[in-house]
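Student: I am new to this structure. Please take me through its nonpolar core, and the helices around it, in one go.

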Amino acid sequence: MATAFKTVDNVQDQVSPEEWAIRVDLAAAYRLVAHYGWDDLIFTHLSARVPGPEHHFLINPYQLMFEEITASSLVKIDVEGKPVMPTPYITNAAGFTIHSALHMARDDAFAVMHLHTPAGQAVAAQAEGLMPLTQTAMLIRDEVAYHEFEGVALDLEERERLVEDLGTKDAMILRNHGTLTVGKNVGQCFIKMYFLERACEAQIMALSGGVANLYHPPQGSPEKTAGQGKNGLDVVADRLAWPALLRKMDRLDPSFRN
């Protein structure tokens with residue numbers, strides 16, 4: 001028998017305007033992940049830190065599909081993974097392990113996205129990782145770190161190694177696992193993930209024709225393109241792409257704002 005869908009009241013009047021704006025952006029990101037087919041049933045996570053000294057952050061309710069998530073249904077948890085507001089939902093321990101590590105260690109990691117797409121996992125299983133085969137890959141590649149697979153991320157001790165491996169970079173390939181990005185806001189985090197995932201998809205398609213048939217870019221062009229990406233992706237996200245994506249979600253289904 002199917003479990004009845006749990007609904008929550010709108011919490012806008014219970015949180016600050018700043019938190020509500022972050023909730024809306026994060027709910028939109030969940031809907032966009034579902035729209036682009038990057039979701040993995042109820043698994044994987046996107047999170048955002050709430051302003052304030054408590055280091056609370058928002059994460060998805062474990063029972064909901066990504067296309068069901070709203071601004072009010074997001075669960076606000078503390079650094080120990082415990083809800084700090086009443087909620088009918090539960091959270092995922094693995095999501096807490098990965099996201100809490102980065103939110104607590106990096107002041108600039110206000111948003112964190114982690115996905116399990118087939119393309120991302122495939123590149124994560126390849127020895128060379130992300131290769132400079134396309135413009136998209138070259139724009140993000142210098143920002144990509146790597147973390148070795150340690151099993152399902154339930155061990156809190158892994159947090160230190162995640163933080164160390166990411167360093168000051170904004171993207172990570174979790175070996176044999178998936179992809180991860182961080183950003184100063186939800187929009188920047190999402191756009192970096194978009195570029196990372198598109199690069200992985202293109203790499204798998206390019207390799208399907210065989211390594212011998214690959215055309216490699218001229219010497220120096222990957223480094224030049226990496227510099228362009230490092231300087232430009234955040235600006236593109238803030239001023240152009242993220243506002244456009246919010247308008248897209250409003251056209252598709254504005255209920256994420258509830």
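**The core and its helices**

Tutor: The largest nonpolar core has 59 residues. Those with the most contacts inside it are L26, Y30, V33, L46, L130, F190 and W242. A nonpolar core is a set of buried Ala, Val, Leu, Ile, Met, Phe, Trp, Tyr and Cys residues joined through side-chain atoms within 4.5 Å. Buried means under 20% relative accessible area, exposed over 50%, and partly exposed in between, with a 1.4 Å probe and protein chains only. Helix α1 (residues 17-35) gives the largest share of this core, 11 residues. Helices (H or I, at least four residues) and strands (E, at least two) are DSSP runs, numbered from the N terminus.

This is a predicted model: local features need pLDDT of at least 70, side-chain atom pairs count only at pLDDT 80 or more, and totals for chains, interfaces and linings use all residues. Residues are numbered from 1 along each chain as its sequence is written, and side-chain values use heavy atoms, with hydrogens and water left out.

Start with W242. Leaving out residues up to four places away in sequence, W242 touches D25, A28, A29, L32, V186, G187, F190 and A237. Contact here means heavy atoms within 4.5 Å.

Now the helix pairs. Helix α1 and helix α7 cross at roughly 75°, and their axes come within 10 Å. Axes are lines fitted to C-alpha atoms, for helices over the stretch in contact, and angles run from 0 to 180 degrees between N-to-C directions. α1 and α7 are therefore roughly perpendicular to each other. For that label the angle must be 65 to 115 degrees; under 35 counts as roughly parallel, over 145 as roughly antiparallel, and the rest as oblique. From α1 come D25, A28, A29, R31, L32 and H35. They meet W242, L245, L246, K248, M249 and L252 of α7. By class, this contact has 8 nonpolar, 1 polar and 3 charged residues. Ala, Val, Leu, Ile, Met, Phe, Trp, Tyr, Cys and Pro count as nonpolar, Asp, Glu, Lys and Arg as charged, and the others, Gly among them, as polar.

Helix α7 (residues 221-252) also packs with helix α6 (residues 186-207), at an angle of about 95° and with axes 8 Å apart. α6 and α7 are therefore roughly perpendicular to each other. On the α6 side, the contact is made by V186, G187, Q188, F190, I191, K192 and F195. On the α7 side are L233, D234, A237, D238, A241, W242 and L245. The classes here are 9 nonpolar, 2 polar and 3 charged residues.

Next, L130. L130 lies in the loop between α3 (118-124) and α4 (135-140). L130 counts as buried because its relative accessibility is 1%. Beyond four places in sequence, its contacts include I140, Y146, I173, L196 and A199.

At 1% relative accessibility, R23 counts as buried. Among its contacts beyond four places in sequence are V11, V15, L58, L74 and M85.
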